[in-house]
Amino acid sequence: MSRAAEGRVLWFTGLSGAGKSTLASALYRELERRGERVELLDGDAVRENLSKGLGFSKADRDTNVRRIAFVAGLLARHGVTVLVSAISPYRDTRDAVLSELPNASEIFVDAPLSVVTERDVKGLYLRALAGEIPHFTGVSDPYEAPLSPALHLRTDQQSIEACLEQVLALATSEVGRDAAYA
């Protein structure tokens, strides 16, 4: 398959509540409106349907990320733009899977713990901070931020619309296809 016919993978990573799914969903709608072949792999939906039964140990989280990457790679190799929205907390695993995906770009959706805690309508962060939820990313389990993402979006400082403009520019550029993991 020629490089032009290949799809791409835009991997949104960050803490729960940072805005990954919101941005990926908005980008999905816009690319679909433009007639592009696009698919959204949301971490919560994948965990429910493809990774059911996995826990939250490092090994299980890594398995979940590898499964998401496998599906993303299949789709991208068939000309689909794949939007992955998954916490994917461990840098080594994220780097490994991204390096194997066609035309992959990492997008770090960043907001501080205080902001994601305020956004959390389910109160999970407060419960995790109180010690009621073990292995909670960003509280009792680590989140390892990307070292050099294609985009670093601060959703506590920029509007969703401004962030979407940046992601859309990356998604529709040929330069973006040669980002860190291409």
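Biologist: Hi! Leaving aside neighbours within four places in sequence, which residues is Thr 117 in contact with?
Modeller: Hello! With those neighbours left out, Thr 117 is in contact with Tyr 125, Leu 126 and Leu 129. Keep in mind that this is a predicted model.

Biologist: Thanks! And which helix does Thr 117 lie in?
Modeller: Thr 117 belongs to helix α5, which covers residues 113-119.

Biologist: Is Thr 117 buried or exposed?
Modeller: Buried. Its relative accessible area is 16%, and a residue counts as buried when that value is under 20%.

Biologist: Okay, new topic. How many strands form the sheet, and in what order?
Modeller: Five strands form an open sheet, and the order is β2-β3-β1-β4-β5. Their pairing is parallel.

Biologist: Which ones are the edge strands?
Modeller: Those are β2 (38-42) and β5, each of which pairs on one side only. Neighbouring strands in this sheet are turned by 15° against each other on average, if you ignore direction.

Biologist: What holds paired strands together, in general?
Modeller: Strands of a sheet pair through backbone hydrogen bonds, in either a parallel or an antiparallel way.

Biologist: Let's look at β1. How many of its residues are buried?
Modeller: Six of its six residues are buried, so to speak a mostly covered strand. Arg 8, Leu 10 and Phe 12 point one way from β1, while Val 9, Trp 11 and Thr 13 point the other way.

Biologist: How many bridges does β1 make with β3?
Modeller: Five bridges, in the parallel sense. If you want a spot to look at, Trp 11 stands opposite Val 84 in β3.

Biologist: And what about β1 and β4?
Modeller: Five bridges join β1 to β4, and the two run parallel. There you can find Leu 10 opposite Ser 105 in β4.

Biologist: How many bridges are there between β4 and β5?
Modeller: Four bridges, again in the parallel sense. Ile 107 stands opposite Leu 151 in β5.

Biologist: Which strands does α1 lie across?
Modeller: Helix α1 lies across β1, β2, β3 (81-85), β4 and β5, and it runs at about 165° to β2. Helix α3 (residues 58-76) packs on the sheet too, touching β1, β2 and β3. The direction of α3 makes about 150° with that of β1.

Biologist: Now helix α4. Which of its residues are buried?
Modeller: In α4 (residues 91-100), the buried ones are Thr 93, Arg 94, Val 97 and Leu 98. Seen down the helix axis, they fall within an arc of 125°, so they line one face of α4.

Biologist: What covers them?
Modeller: The cover over the buried residues of α4 includes β1, α3 and β4.

Biologist: Last helix: how far does α7 reach?
Modeller: Helix α7 (residues 160-171) has twelve residues and reaches 16 Å from its first C-alpha to its last, close to the 16 Å expected at 1.5 Å a residue. Its buried residues are Cys 163, Leu 164, Val 167, Leu 168, Leu 170 and Ala 171. They cover an arc of only 155° around the axis, which puts them on the same side of α7.

Biologist: What's on the other side of α7?
Modeller: Glu 161 and Glu 165 are there, and they are exposed. As for the buried residues of α7, what covers them includes β1 (8-13), α1 (20-33), β4 (104-110) and β5 (151-154).

Biologist: One more: where does UniProt place the APS kinase domain?
Modeller: The unreviewed UniProt entry puts "domain: APS kinase" at residues 7-153. In the model, that span is 43% helix and 18% strand, and its end C-alpha atoms lie 23 Å apart.

Note on methods:
Residues are numbered from 1 along each chain as its sequence is written. This is a predicted model: local features need pLDDT of at least 70, side-chain atom pairs count only at pLDDT 80 or more; totals for chains, interfaces and linings use all residues. Side-chain values use heavy atoms; hydrogens and water are left out. UniProt positions are given in the numbering used here, feature names are shortened, and annotations may be inferred rather than shown by experiment. The expected span of a helix is 1.5 Å times one less than its number of residues. Buried means under 20% relative accessible area, exposed over 50%, partly exposed in between (1.4 Å probe, protein chains only). The arc is that of the directions from the helix axis to the C-beta atoms. Contact means heavy atoms within 4.5 Å. Two strands pair if DSSP finds at least two bridges between them. Axes are lines fitted to C-alpha atoms, for helices over the stretch in contact, and angles run from 0 to 180 degrees between N-to-C directions.
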